[in-house]
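I opened a new structure today and kept notes while I clicked through it. Here is what I looked up, in the order I went.

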Amino acid sequence: MSNNHSHAHHFSSAQQEADASKLGLWLFLCTEIIMFGSVFVAYAIFHGLYPEIFIAGSKYLDWKLGSLNTVILLLSSFTMAMSIYYASANKLRLSVSCLWVTFLCGLGFMFIKYIEYSHKIHEGLLPGKFFSFTGEGVVDNLGLYFSFYYSMTGIHGSHVVIGLGLIFWLIIRAHKGHFGPGRVLALECVGLFWHLVDLVWIYLFPLLYLVE
Amino acid sequence: MSNHTVSFRTYVNVILALFLLTVCTVLVSLVDFGWMNAIIAIGIATVKAYLVLMYFMHLKYDDKTYLIIFLTGVFFLFLIFVFIAFDISTRVVETNVL
């Protein structure tokens with residue numbers, strides 16, 4: 001499935017190139033787990049110490065938009081996997097279409113993020129000491145919640161944007177006919193990264209949007 | 001390295017299960033289980049994560065090496081959490097200063 005017909009000269013075979021590439025990517029994913037995980041640990045500590053701040057802050061997030069974004073990312077993971085499935089089955093047009101849907105889902109996610117951010121910034125729901133909202137539901141140090149909100153969704157969002165760039169690169173390569181049965185390594189590797197982005201959001205969504 | 005082809009049917013089942021679990025995530029958040037709230041929310045999220053990891057990321061069908069690498073990463077994250085939690089929970093707090 002990951003056997004490229006040709007391989008770079010410093011690998012002994014196409015199979016070895018595929019194995020080594022995925023090994024390296026999984027090691028990279030571990031660094032991502034530690035990086036994102038550390039912010040989650042900080043979240044756990046402060047949520048444990050000051051639950052009222054997180055309950056209050058969560059109310060300013062629209063769970064419907066969050067749910068929509070969750071569905072969008074899950075769908076994009078599905079279409080990413082399907083792209084590899086179709087490429088392996090030599091259904092190349094379907095494979096590229098799946099890549100396009102994945103890309104558009106990512107764009108949709110970022111668009112919704114933009115809507116959410118611009119609304120909050122306009123209202124003064126800003127991180128830390130910049131918090132200036134004076135409407136209903138404000139508790140002491142609510143800026144702490146928004147520090148977590150912006151940093152966690154911001155780091156995640158940057159990863160979505162990076163993923164968009166990688167997927168677009170794959171689309172260009174797919175249009176040039178680089179992928180097919182036994183030639184899906186790049187699709188798999190970018191796919192692993194994209195699934196990780198989805199994984200992080202799977203945890204972000206309930207922890208930020210559904211605290212009550 | 002595995003060359004097992006995941007079937008179309010399997011992928012569809014997984015995404016449908018993920019959508020269903022997302023609905024559960026939202027519904028469950030409407031009910032107050034007290035201190036269990038966080039555990040239930042993270043529990044459902046972990047089931048979703050398991051599906052993405054095993055099927056979309058192919059861990060179920062690939063060489064066990066990748067699974068071991070991933071679990072090692074998670075283990076170290078767990079260590080980070082445990083040691084910090086020990087630190088924080090054994091502090092003597094005189095005043096809440098933020």
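**Entry 1: Getting my bearings**

I started with the order of elements in chain A, which from the N terminus on reads α-α-α-α-α-α. I noted that this is a predicted model. My tally for chain A came to six helices and zero strands.

Next I checked the dimensions. The C-alpha trace of chain A spans about 60 × 30 × 25 Å along its principal axes. How many of its residues count as buried? I found 54% of the 212 residues of chain A in that group.

I also looked at contacts in chain A with a separation of 6 or more, and 78% of them are between residues 24 or more positions apart.

**Entry 2: Helix pairs in chain A**

I reminded myself that two packed helices are described by the angle between their axes and the distance between the axes.

I took helix 1 (residues 14–49) and helix 6 (residues 185–209) of chain A to begin with. Their angle is about 15° and their axes are 10 Å apart. Angles under 35 degrees count as roughly parallel, so helix 1 and helix 6 of chain A get that label. Their crossing is right-handed. Sorting the contact of helix 1 with helix 6 by class, I got 19 nonpolar, one polar and four charged residues.

Then I went to helix 3 and helix 6 of chain A. I read off an angle of about 160° and axes 10 Å apart. That makes helix 3 roughly antiparallel to helix 6 in chain A. Here the crossing of helix 3 and helix 6 of chain A is left-handed. The contact of helix 3 with helix 6 in chain A has 14 nonpolar, nine polar and two charged residues.

**Entry 3: Over to chain B**

How do helix 1 and helix 2 of chain B run, roughly parallel or roughly antiparallel? I looked up helix 1 (residues 8–29) and helix 2 (residues 36–56) of chain B, which pack at about 170° with axes 10 Å apart. Helix 1 and helix 2 of chain B are therefore roughly antiparallel. I put their crossing down as left-handed.

I wanted to see who touches whom. On the helix 1 side of chain B I listed residues including B:Tyr11, B:Leu18, B:Leu21 and B:Cys24, and they meet a set in helix 2 of chain B that includes B:Ile44, B:Leu51, B:Tyr55 and B:Phe56. By class, this contact of helix 1 with helix 2 in chain B has 15 nonpolar, three polar and one charged residues.

**Entry 4: The nonpolar cores**

Which residues have the most contacts inside the largest nonpolar core? They are A:Tyr145, A:Phe146 and A:Tyr149, in a core of 57 residues. Elements that give two or more residues to this core are helix 1, helix 2 (51–58), helix 3 (63–88), helix 4 (92–123), helix 5 (143–175) and helix 6 of chain A.

I zoomed in on A:Tyr145. Leaving aside neighbours within four places in sequence, A:Tyr145 is in contact with A:Ile53, A:Phe54, A:Gly57, A:Ser58, A:Leu61 and A:Leu208. Apart from this core lies another, of 44 residues, and A:Leu25, A:Cys30, A:Ile45 and A:Leu192 are among them.

**Entry 5: Two residues up close**

I picked A:Trp63, which is found in helix 3 of chain A. A:Trp63 counts as partly exposed, at 41% relative accessibility. Not counting residues up to four places away in sequence, A:Trp63 touches A:Phe205, A:Tyr209, A:Leu210 and B:Val26. A:Trp63 and A:Leu210 are 147 residues apart in sequence, and their C-alpha atoms are 6.9 Å apart in space.

Is A:Gly143 buried or exposed? A:Gly143 sits in helix 5 of chain A, and with 4% relative accessibility A:Gly143 counts as buried. I listed what A:Gly143 touches, not counting residues up to four places away: A:Leu126, A:Pro127, A:Gly128 and A:Phe131.

**Entry 6: Positive phi**

A:Asn90 has a phi near 60°, and its place is in the loop between helix 3 and helix 4 of chain A.

A:Asn141 also has a positive phi, of about 60°. A:Asn141 lies in the loop between helix 4 and helix 5 of chain A, and A:Asn141 is partly exposed, with a relative accessible area of 40%.

Key: Residues are numbered from 1 along each chain as its sequence is written. Chains are lettered from A and ligands numbered from 1 in the order in which they are written. This is a predicted model: local features need pLDDT of at least 70, side-chain atom pairs count only at pLDDT 80 or more; totals for chains, interfaces and linings use all residues. Side-chain values use heavy atoms; hydrogens and water are left out. Axes are lines fitted to C-alpha atoms, for helices over the stretch in contact, and angles run from 0 to 180 degrees between N-to-C directions. Helices (H or I, at least four residues) and strands (E, at least two) are DSSP runs, numbered from the N terminus. Angles under 35 degrees count as roughly parallel, over 145 as roughly antiparallel, 65 to 115 as roughly perpendicular and the rest as oblique. A crossing is left-handed if the near helix is turned anticlockwise from the far one by less than a right angle, and right-handed if clockwise. Ala, Val, Leu, Ile, Met, Phe, Trp, Tyr, Cys and Pro count as nonpolar, Asp, Glu, Lys and Arg as charged, and the others, Gly among them, as polar. A nonpolar core is a set of buried Ala, Val, Leu, Ile, Met, Phe, Trp, Tyr and Cys residues joined through side-chain atoms within 4.5 Å. Buried means under 20% relative accessible area, exposed over 50%, partly exposed in between (1.4 Å probe, protein chains only). Contact means heavy atoms within 4.5 Å.
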